[in-house]
Amino acid sequence: MAGIYIHIPFCKQACHYCDFHFSTSLKKKDELINALSKEIELRKTEFKNTTVETIYFGGGTPSLLTNEELQFLIDSVYNNYQVSENPEITLEANPDDLTVDRIIKLSKSKINRLSIGIQSFFEADLKLMNRAHNATEAKACLEEATKYFNNISLDLIYGIPGASNAQWLQNIEMALSFGVPHISSYALTVEPKTALASFIEKGVIEDVNDEQAHEQFHILKDKLEASGFVHYELSNFGKDGFFSKNNTAYWQGKSYLGIGPSAHSFNGTQRGWNVRNNSKYIRALELNVLPIEIETLTQTDQYNEYIMTGLRTIWGVSIQKVENDFGLDYKDYLIEQSEIFINQQLLYIDDAHIRVTKKGQFLSDGIASELFKIN
């Protein structure tokens, strides 16, 4: 099983917290779509004997593409790869793009899952983040989308400066009122060189409060688990049967192709990343050249990657897999390094798997880095 991620690097406007690769100019949209199709074609040999089970349009804002443009790219995948009978095809979308007419048309396409960037149902939060939609559009699009799609995920952001725990709980309750089966939720992080970082530096916006973000993470976890969601990955909650197949494949170390400028790829032993520039990306593909850099992972890199992804999930890190794939030295090192965190009740061993406790979950990336082996 493998997945294809297609990066659509366009947005109407820049969210203040975002450091992903995108452009607010659509001037080169046609050339870029042709380049994406060309990259899909040129890389088909990488998945020669592999079935594609997920296609994921991420960004940027993929919902800025027309239905015809999206279909053109889906057709490119079908024409060049072996695709499973019922693949999960996800479109990331912003509420302001999801008019009733658009939702109906999308529901008749091959796209069968929507991931909607709500972030918050409060106007003040949306303005602080410079989102392109407002709170009314957020609610209206979910009301309509849930009539035509049963597989919907929505994004929420916690730890927003000035947003109280009570307000955060209201956000979660509003999300739950629409009956969606999947919620992805992230702490607001201050990335260097973003508008948010600049505003905090100048004192225009108060800094992110890590302690409050930690509290809001636990409010989210408790509320969603009480509502029948499984917390299957640090930032992802799904009802049974509605875990994101795309995300799950990533966290379980399956192969994926990243198509588009700045997109990343992984095949178990190599990691690749495309040039982070739309013009350079288009020019290279017009010459039938793949604008990708590739790094071959050492055994230690592969081990570290497995620890990082495994600890973020309910599946944890298999001690047996570490021994089988990396050898006895790695297994002994893992158990030895884990001991301090087991004593602090941040990790536990169950069924020969190392997993994070509820207390350790919010800290899982930091714990993982302490279990890494250094070359």
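Colleague: What makes a residue count as buried here, and what share of the 375 residues is buried?

Modeller: Buried means under 20% relative accessible area, exposed over 50%, and partly exposed in between, with a 1.4 Å probe and protein chains only. By that rule, 51% of the 375 residues in the protein are buried. Keep in mind that this is a predicted model, where local features need pLDDT of at least 70, side-chain atom pairs count only at pLDDT 80 or more, and totals for chains, interfaces and linings use all residues. Residues are numbered from 1 along each chain as its sequence is written, and side-chain values use heavy atoms, leaving out hydrogens and water.

Colleague: How do you know whether the radius of gyration agrees with a compact globule?

Modeller: Take the rule, 2.2 Å times the number of residues to the power 0.38, with the radius taken over C-alpha atoms. For 375 residues a compact globule would come out near 21 Å, and the protein has 21 Å, so the two agree. Its C-alpha trace spans about 55 × 50 × 45 Å along the principal axes.

Colleague: What makes something a helix or a strand, and how many are there?

Modeller: They're DSSP runs numbered from the N terminus: helices are H or I with at least four residues, strands E with at least two. That gives 14 helices and 15 strands.

Colleague: Which residues of helix 3 are buried, and why are they on the same side?

Modeller: In helix 3 (residues 100-107), they're Arg102, Ile103 and Leu106. They cover an arc of only 100° around the axis, judged by the directions from the helix axis to the C-beta atoms, so they sit on the same side of helix 3.
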